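Here's a quick briefing to read with the model open beside you. Have a look at it first, then work through the notes by topic.

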Amino acid sequence: MASVEPIKVIILGAGKGGAALIELFTSCAGVKIVGVADNNPNAPGLQQARLLNIPTSTETASLIARGGADLIVDVTGDPAMTALIADRKPPGVESLSGNAARLVWSLIQDEQELREHLVHTEKLATLGTLAASVAHEVNNPLHWILGFAQLIQEEKKPAVIKEYAQEIVESVEHLAEIAKSLTMYSQASYQGEPVRVHIPDLLDNAVKMAKFATVLDEVEVVTEYAPIPEIQADPGDLIQVFVTLLVNGAQAMKGRGRLTLATLVKGDAITVSIHDTGPWIPSEHREKLFAPVFTTKPGGTGTGLGLYVVRTLIQKHGGRILVESEEGQGTTFSLQFPKSDRP
Ligand SMILES: Nc1ncnc2c1ncn2[C@@H]1O[C@H](COP(=O)(O)OP(=O)(O)OP(=O)(O)O)[C@@H](O)[C@H]1O
Ligand SMILES: [Mg+2]
């Protein structure tokens, strides 16, 4: 297919609408964002744009006049903006504002709702996959507890009773551990403000969860956590992301190899990477990796939604995902998150 020049777009307004546009356009091969402006330097979309290396500005009027774009999309909600664009934009540049921009915005909101449903469904599906092995894992300690409790009823020697009681305590602790990691995982999307999360804790938790979803017995898990600040995020979303990447890595290695989880801070971004020693991903597949329903698993065994949902959730957090894969080197998925403003 002949490659077509992408439409170069400037986005005016980096609030909720602008941030949603950035998210949508960055996953769209036919669109390139060449500038984002908002009078408020702390607008969420500006931070997102900086992380994506998109030029940003707090001078809306000068960005309009600068040119270099095919289309200006105004989602500022400012009624005076339509006239300002008409007055300042270089000839030949089209603009989308007023009702036309509102129409696009409502279509985007619809598509966002669909995405949210898809993400939620995928989370439930993952939980369903986990349920069977969790039930199995819970059954073992339950049997131990039952067995030792029955023995205690017959036992007279205090030392032996103490020993059995200790076994029961250990089994209960194991059960509590399983319950704890599941609670974190099943946390529904937050209903308001995100919370402060410590990513290494979530990664460790995700490893425990991934063991329920795939076989990790012969996978060596190595952690290289450089100290990173906490970020504001939805822990349930991030665990879904990490579990998906860990399971994909383990599956690519056919259950044998090494998974390296690392965290580091570089400039304004926090990077989390998950590397596996499996086969590399050919370049023709790499372009389609994050598209919904792309899978190389045979005959209906994979949904191909895993990485699509991962990217959606990362973008929801204002971050981005990159993949590196070379022959003989395995594959690394890197996630970059902006540092939280709030301490
Ligand atoms: N770590 C990896 N190494 C090699 N290939 C990978 C890796 N992760 C993903 N892939 C490729 O990307 C495809 C899409 O992954 P995704 O998680 O979206 O769906 P899936 O794993 O195929 O299906 P499901 O997640 O429903 O089991 C996989 O089929 C595989 O070809
Ligand atoms: Mg998968």
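The notes below go from the overall picture to the domains, the cores, the ligand and a few loop residues.

This is a predicted model, in which local features need pLDDT of at least 70, side-chain atom pairs count only at pLDDT 80 or more, and totals for chains, interfaces and linings use all residues. Residues are numbered from 1 along each chain as its sequence is written, while chains are lettered from A and ligands numbered from 1 in the order in which they are written.

**Overall picture**

- The protein has ten helices and twelve strands; helices (H or I, at least four residues) and strands (E, at least two) are DSSP runs, numbered from the N terminus.
- Along the principal axes, the C-alpha atoms fill a box of roughly 95 × 40 × 35 Å.
- Of the 343 residues, 31% count as buried. Buried here is 20 or more other C-beta atoms within 10 Å of a residue's own, exposed is 12 or fewer, and partly exposed is in between, with C-beta atoms placed from the backbone.
- Take the contacts between residues at least 6 apart in sequence: 67% of them join residues at least 24 apart. A contact needs the two C-beta atoms, placed from the backbone, to lie within 7 Å.

**Confidence**

- Mean pLDDT for the protein is 89, and 96% of its residues reach 70 or more; pLDDT is the predictor's confidence in each residue, from 0 to 100.
- Confidence is lowest in H1, with a mean of 87, and highest in strand E7 (residues 218–225), at 97.

**Domains**

- The domain assignment gives domain 1 (7–96), domain 2 (129–186) and domain 3 (195–338); such bounds come from an automatic or database domain assignment.
- Between domain 1 and domain 3, the C-alpha centres lie 31 Å apart.
- Eight residues from domain 1 and nine residues from domain 3 make up the contact.
- On the domain 1 side, H2 gives the largest share, five residues.
- That side of domain 1 divides into three nonpolar, three polar and two charged residues. Ala, Val, Leu, Ile, Met, Phe, Trp, Tyr, Cys and Pro count as nonpolar, Asp, Glu, Lys and Arg as charged, and the others, Gly among them, as polar.

**Helix H1**

- H1 spans residues 16–26, and its buried residues are Gly17, Gly18, Ala19, Leu21, Ile22 and Glu23.
- Those buried residues pack against several elements, among them strand E1 (7–12), strand E2 (31–37), helix H2 (44–51) and helix H5 (98–154).

**Nonpolar cores**

- The largest nonpolar core has 38 residues, and Ala206, Met209, Ala210, Phe242, Val243 and Leu246 touch the most other members. A nonpolar core is a set of buried Ala, Val, Leu, Ile, Met, Phe, Trp, Tyr and Cys residues joined through C-beta atoms within 7 Å.
- Elements giving two or more residues to this core include helix H7 (199–213), strand E9 (256–266) and strand E12 (330–338).
- H8 provides the largest share of this core, nine residues.
- A second, separate core of 25 residues includes Leu21, Leu46, Val75 and Ile85.
- Leaving out residues up to four places away in sequence, Ala206 touches Ile239, Phe242, Val243 and Leu246.

**Around ligand 1**

- Ligand 1 is surrounded by 20 residues, the closest being Ala252, Thr295, Gly302, Thr303 and Gly306; a residue is near a molecule if its C-beta atom, placed from the backbone, lies within 6 Å of it.
- Helix H8 (235–252) and H10 each supply at least two residues of this shell, and the largest share, four residues, comes from H8.
- By class, the shell holds seven nonpolar, eleven polar and two charged residues.

**Loop residues to check**

- Most residues other than glycine have a negative phi.
- Asn53 has a positive phi, near 60°, and is found in the loop between H2 and strand E3 (56–57). Asn53 is exposed because it has 8 other C-beta atoms within 10 Å.
- Val293 also has a positive phi, near 60°, and lies in the loop between helix H9 (283–286) and H10. With 10 other C-beta atoms within 10 Å, Val293 is exposed.
- Leaving aside neighbours within four places in sequence, Val293 is in contact with Thr303, Gly304 and Leu305.
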